[in-house]
Amino acid sequence: GIQTTVCAGVVFHLETTFPNQTEKAPRTDSMMVEGNKLKMTMVGAEHTQSAVIYRGDRQEILLINDGDHTWRAMDKATMINLGQQINPAMEQMQKQMEQALKNMPPERRAMMEKMFARQGVGPGMMAGKIDMQVKKTGETQTINGYPCVKYETWQNDGKVAEHWVTDWKRIPGSQEAQAVFQDMAAFSRDVGKGAFKGSGGPASFLESMGKIEGYPVLTRIFSD
């Protein structure tokens, strides 16, 4: 469910469960919004914490790893420059992978393509060409007491997630949260266009999330 604490901002507690991996215990992360700043704290393996902080006032993202006590700050220009440096290498890797697949026997090629698909790697993705689309289905359901409408996220012709979304006005502190989510989506859109020549790139996921009109009460991510 959604729990919020109004104290120097709004805190959302997010529970992640793994229905297909019953040996994994549910994981609880948190997300705090204050003004045009957003902090996402995640618990990883061996209970180590990491955090991503978006500062809309500075137009930058901070990556913090408590495990090795490191942090890095990147503004929009730095992220675009990094993407532009990485992109040629990714394009070269893409060409090499395509050539290797082309020279394989059909059965072997089909097996490798299936393996890549399970890892979320499809044609063009190594070169940063990630086409993320969000589709509003019109299907409705009540989740944890919140009336929701279903959205789906599609990546390169495959459904990767579904989101049950409620209206922002039903969420305490929604005005702050909605504004910073939209601002971060615009930041990601600018990074994607600058770093990947308008072809999307990894930042397109956050951009696509900005197209969801409301707060995701429940998100299901599909992976094998």
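Author: Methionine 32 has lysine 39, in strand S4, as its bridge partner. The model is predicted. S4 covers residues 37-43 and runs antiparallel to S3, with five bridges joining the two strands. Two residues lie between the strands of this hairpin. Glycine 35 belongs to the hairpin and takes a positive phi near 60°.

S4 also pairs with strand S5, residues 49-55. That pairing is antiparallel too, and it runs over seven bridges. Take methionine 42 as an example: its bridge partner is serine 50, in S5.

Step back to the whole chain for a moment. There are four helices and eleven strands. Of the 224 residues, 33% are buried. Among contacts with a separation of 6 or more, 44% join residues 24 or more positions apart.

Now the interior. In soluble globular proteins, nonpolar side chains tend to be buried together. The largest nonpolar core here holds 21 residues. Phe12, Leu38, Tyr54, Phe181 and Tyr215 touch the most other members. S3 (27-34) gives two or more residues to this core, as do strand S2 (10-16), strand S9 (146-155), helix H3 (174-195) and S11. H3 provides the largest share, six residues. A second, separate core has five residues, including Val134, Val149, Val165 and Ile212.

Next, the open sheet. Four strands pair in an antiparallel way, in the order S8-S9-S10-S11. S8 (132-143) and S11 stand at the edges. Each has a single partner strand, so one side of each is left without a neighbour in the sheet. Neighbouring strands of the sheet are turned by 25° against each other on average, direction ignored.

Within that sheet, S10 (residues 158-166) pairs with S11 over six bridges, in the antiparallel sense. Tryptophan 164 has leucine 218, in S11, as its bridge partner. Threonine 166 also lies in S10. It has 1% relative accessibility, so threonine 166 counts as buried, the cut-off being under 20%. Beyond its neighbours within four places in sequence, threonine 166 is in contact with Tyr146, Pro147, Cys148, Ile171, Gly214, Tyr215 and Val217. One of these, Tyr215, is among the core residues that touch the most other members.

Lysine 211 is partly exposed, with a relative accessible area of 47%. Residues up to four places away in sequence aside, it touches Val134 and Tyr151. Val134 is a member of the second core. Lysine 211 is 76 residues from lysine 135 along the chain, but their C-alpha atoms are separated by 9.0 Å.

Last, the charges. The structure holds nine salt bridges. One of them joins the side chains of glutamate 139 and lysine 150, at 3.6 Å from N to O. Glutamate 139 is in strand S8 and lysine 150 is in strand S9, so this pair links distant parts of the chain, eleven residues apart. Glutamate 139 is partly exposed, with a relative accessible area of 40%. Lysine 150 is buried, at 10%.

Lysine 150 has another partner. It forms a salt bridge with glutamate 152, and their closest N and O atoms are 3.7 Å apart. Glutamate 152 counts as buried, at 13% relative accessibility. Glutamate 152 in turn meets lysine 159 in a salt bridge of 3.4 Å, N to O. Lysine 159 is partly exposed, with a relative accessible area of 31%. Through shared partners, salt bridges join Glu139, Lys150, Glu152, Lys159, Glu162 and Arg220 into one network.

Methods. Residues numbered from 1 in each chain as written. Predicted model: local features only at pLDDT ≥ 70, side-chain atom pairs only at ≥ 80, totals over all residues. Heavy atoms only, no water. Buried < 20%, exposed > 50% of the residue type's maximum accessible area, 1.4 Å probe, protein only. Contact = heavy atoms within 4.5 Å. Pairing = 2+ DSSP bridges. Axes fitted to C-alpha atoms, helices over the stretch in contact; angles between N-to-C directions. Core = buried A, V, L, I, M, F, W, Y, C linked by side-chain atoms within 4.5 Å. Salt bridge = Lys/Arg side-chain N within 4 Å of Asp/Glu carboxyl O.
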